[in-house]
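User: I would like to learn how to read helix packing, strand pairing and a ligand shell from a set of coordinates. Could you take me through these topics one by one?

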Amino acid sequence: AALYQIDGWGPPYFSVNSSGNISVRPYGKDTLPHQEIDLLKVVKKVSDPKSMGGLGLQLPLIVRFPDVLKNRLESLHSAFDFAIQVQCYHSHYQGVYPVKCNQDRFVVEDIVKFGYPFRFGLEAGSKPELLLAISCLCKGNPEALLVCNGFKDAEFISLALISRKLALDTIVVLEQEEELDLAIDLSRRLSVRPVFGLRAKLRTMHSGHFGSTSGEKGKFGLTTTQILRVVKKLGSVGMLDCLQLLHFHIGSQIPSTDLLIDAVAEAAQIYCELVRLGARMRILDIGGGLGIDYDGSKSTTSDISVGYTLEQYADSVVRAVRVVCDSKGVNHPVICSESGRAIVSHHSILIFETVSASVASTPVVSSMGLQYLLEGLTEEGRGDYADLYAAAIRGEYETCLFYADQLKQRCVDQFKDGSLDIEQLAAVDGLYDLVSKSLGVADPVRTYHVNLSIFTSIPDFWGIGQLFPIIPIHRLDQRPVVRGILSDLTCDSDGKIDKFIGGNLSLLLHELEGENGGRIGGGGDGRYYLGMFLGGAYEEALGGLHNLFGRPSLARVTQSDGPYSFAVTRAVPGLSCADVLRVMQHEPELMFQSLKHRAEECVHEEEVTASLANGLARSFHNTPYLMVGPSCSVAAANNA
Ligand code: PLP
């Protein structure tokens, strides 16, 4: 566990059990030992057709733990409740979940359900997000907020206003001054008394990667001058009472409470000024930014860590608001936050499998091969070889490497001009590897090929270099002896993970087991499963379809007191080949029909044609990922 820093990023949800497997603690620190869930058992169960009514899920697989989600919401809420009580704050905390972090229907529905006792609401930043938020919140707590952020057109604003008619507490947050006239006009036409919020551009700057939305030049929000113009305009049309919320968002992953306090205090001053100017303010919405400690380092200077706990975050916010409001004699506002990352990150784990590893190179060069090589060398080449040999006798190994390198380069040139054959080229490679290995300069890092698309499942690694904890989910009682990087299925050199938490350029991994080096078709159970943790926010929403690898399979797993300590409450296969083709406007049904027709034209035996058609149908139906494991070889054989 220490090798993978699990004690840093894992608690309170992840630890290693006595079998050496990752254990999920669904209720965080309140989990009792018998309630812990062995992640490997979950993977085995959901991928086994026998225990899933014939529908074993293919990997890659996202395992969701709604109990963890619930625990995150409760923990966030109780952190604020505690701070509010201790500091005698005279209002309450009421969060909203920004659906952009993960719009999956069941994630959003769970949040609305689990958040009911806390009046937890939703935040939407586009029209489809608003549509899903409206329909989910109709089943939520009637006091929950629906915060509408983002750039808006007439339709977006109308939709928000209509939702007020549906008795939702929807707030249109003005991100741009131009939205105001449109909103006033539409509210009159629809006869709805709107509730407005303002997004302020704070002067406080978040300098980390995620902070580019902050500061006066940030993408969103109103400047001080614009805020004053909006207030004046609302006053002039008798709608200043409609302005009830002040919002800011200085960026995700706020690294320290110092920065947080600065931003909240600045926003609280603006809030008090709006009260002074006559707005009927009731909510201070501090946006997102509550961070996750992905590497467990508790650093205040890294993009992937944060230097505070949930409790310290809540305490800092409540204190900053209270101090400013008290000094201005303003009633304490409802504190709203739009925490996304901090709510959904922990509850989803991406599980994927290694399918092979590059073999540690054992240099091979036989004396016959060497002799044959020497016969083909030019004079200079033979000279290099003689110098290499002499340096070896003298024990000057650095010099050996120099001549080996020079010789290899000469041989490549000779191969290119056709004067060396492929066996001779292999012999010089073997000689070079032998020299580097004996000098200890051979690259010890091996490549583990994983049945995954990084572009689909870990897009932030590719896009912004974000690191997540990636570790084996089993064999953690065995010392890993290989340094490896992970290479995915896509035909793209960016499709690899070669940076890991802790600043490592490789990951300590176990040797693959089973026949054939644990490779596909190796049989037995030499399967090696890796998990990417803390990736429940943003990764699924941002993932693309590069090489047409689609969304992984999904399993929803809850704690249960049965023999396994878990129950699979939902199992959804990943996108099929037909599904991903459809996304790019292909028509798999038509494609199948024309391929079948072609088979009938080319092959004139009915039985063969039928079996070809059968195979084609299966290929459309099956996963784009590699089908690994015993049940898959049966499927593939049926295909053939
Ligand atoms: N609110 C707004 C306006 C955002 O832009 C974002 C994301 O950047 C969030 C909330 C969610 O932030 P986080 O995931 O840091 O909680």
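This is a predicted model: local features need pLDDT of at least 70, side-chain atom pairs count only at pLDDT 80 or more; totals for chains, interfaces and linings use all residues.

User: At what angle do α13 and α14 pack?

Analyst: Axes are lines fitted to C-alpha atoms, for helices over the stretch in contact, and angles run from 0 to 180 degrees between N-to-C directions. Helices are DSSP runs of H or I with at least four residues, strands are runs of E with at least two, and both are numbered from the N terminus. Here α13 (residues 379–394) and α14 (residues 397–416) pack at about 160°, with their axes 8 Å apart. The two helices are therefore roughly antiparallel, given that angles under 35 degrees count as roughly parallel, over 145 as roughly antiparallel, 65 to 115 as roughly perpendicular and the rest as oblique.

User: Which residues of α13 and α14 meet?

Analyst: Two residues are in contact if their C-beta atoms, placed from the backbone, lie within 7 Å. On the α13 side they include Asp384, Tyr385 and Leu388, and on the α14 side Tyr403, Leu407 and Arg410 are among them. By class, this contact of α13 with α14 has 9 nonpolar, 3 polar and 4 charged residues, where Ala, Val, Leu, Ile, Met, Phe, Trp, Tyr, Cys and Pro count as nonpolar, Asp, Glu, Lys and Arg as charged, and the others, Gly among them, as polar.

User: How are α12 and α15 oriented to each other?

Analyst: Helix α12 (residues 367–376) packs against helix α15 (residues 422–439) at about 115°, with the axes 9 Å apart, which makes α12 roughly perpendicular to α15. Among the residues making the contact are Leu370 and Leu373 of α12, together with Ala427 and Leu431 of α15. That contact of α12 with α15 divides into 6 nonpolar, 4 polar and 1 charged.

User: What is the strand order in the open sheet?

Analyst: Strands of a sheet pair through backbone hydrogen bonds, either parallel or antiparallel. In this open sheet of 3 strands the order is β1-β2-β3, with antiparallel pairing, and two strands pair if DSSP finds at least two bridges between them. The edge strands, each pairing on one side only, are β1 (14–16) and β3 (37–38). Over 3 bridges, β1 pairs with β2 (residues 22–24) in the antiparallel sense, and Phe14 has Val24 in β2 as its bridge partner.

User: Which residues come nearest to the ligand?

Analyst: A residue is near a molecule or strand if its C-beta atom, placed from the backbone, lies within 6 Å of it. Of the 15 residues around the ligand, Ser252, Gly288, Glu338, Gly340 and Arg341 come nearest. The shell has 5 nonpolar, 8 polar and 2 charged residues.

Key
Residues are numbered from 1 along each chain as its sequence is written.
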